[in-house]
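Here are my notes on the model. Please read them alongside the coordinates.

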Amino acid sequence: MSYTFTFFGHGTLGLEIQGHKIIIDPFFTNNPATTTKPEEIDTDFLLITHGHGDHVGDAVEIALRTGAKVIANAEIASWFSEKGAEVHSQHIGGGHDYPFGYVKLTQAIHGSSMPDGSYGGMPGGFLITIPDGRKIYMAGDTGLFASMSLIGEEGIHLAVLPIGDNYTMGPDDALRAVKLIKPEFVVPVHYNTWDLITQDPAAWKKRVEAETDTIVHVLQPDTSIDF
């Protein structure tokens, strides 16, 4: 089987797995990195890594319009439930089976607050095991942490890592993360949205491929790749 990964820009991502459509952190309105509009999104599931506005984004509107189920930590899921969305809550280290695969919430070193200022629980990432057994690690907004090596022990097919610096890992720590995780493929995200997080992904690709066995795919916003 194959799956499709889409990079919309910044930290907004998409997956299509056996016909199931998933959007991670749907930030479209006021996102200068994408030309996609929230009303163009048709999805079955919304995965939210943490509560910041550039990750919660348009999730409420999309969830209510499409009926997509929101998957997030308990605090974020409760917030969405109060808005009328269908939700499934999890927490760090816990996993659950969905039609598209098994999703485990992972640790992330970051913050989390909802757009109205309420508490967004612990930030996280997602480790997704698709039906053919391959594993996708969406790190979310995070700094480097040593137990990324434990995630790597799972055997990661694709890792999606931030490289922008300032708010997340920068290129140096993201390279160290690749060495800990040892994925077959990696896609850099969360960079070049604003001047503050400007990076050169082509230069990062050269470093990663010179120092590891991982293949880097640098995607332009609003483009997809099949694995």
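1. Contact here means heavy atoms within 4.5 Å. By that criterion Ala 74 touches Ser 89, Gln 90 and His 91, with residues up to four places away in sequence not counted.

2. A word on the basis. This is a predicted model: local features need pLDDT of at least 70, side-chain atom pairs count only at pLDDT 80 or more, and totals for chains, interfaces and linings use all residues. Residues are numbered from 1 along each chain as its sequence is written, and side-chain values use heavy atoms, with hydrogens and water left out.

3. Ala 74 lies in helix 3 (residues 74-82). Helices (H or I, at least four residues) and strands (E, at least two) are DSSP runs, numbered from the N terminus. Ala 74 counts as partly exposed because its relative accessibility is 31%; buried means under 20% relative accessible area, exposed over 50%, partly exposed in between (1.4 Å probe, protein chains only). Met 122 is 48 residues from Ala 74 in sequence, yet their C-alpha atoms are 9.3 Å apart.

4. The open sheet has 7 strands, in the order 6-5-4-3-2-1-14, with mixed pairing. Two strands pair if DSSP finds at least two bridges between them. Strand 6 (87-90) and strand 14 (223-226) are at the edges; each has a single partner strand, so one side of each lacks a neighbour in the sheet.

5. Strand 2 (residues 12-17) pairs with strand 3 (residues 20-24) in the antiparallel sense, over 5 bridges. Gly 14 has Ile 23 of strand 3 as its bridge partner.

6. Helix 3 packs on the sheet and touches strand 5 (69-73) and strand 6. The directions of helix 3 and strand 5 make about 145°. Axes are lines fitted to C-alpha atoms, for helices over the stretch in contact; angles run from 0 to 180 degrees between N-to-C directions.
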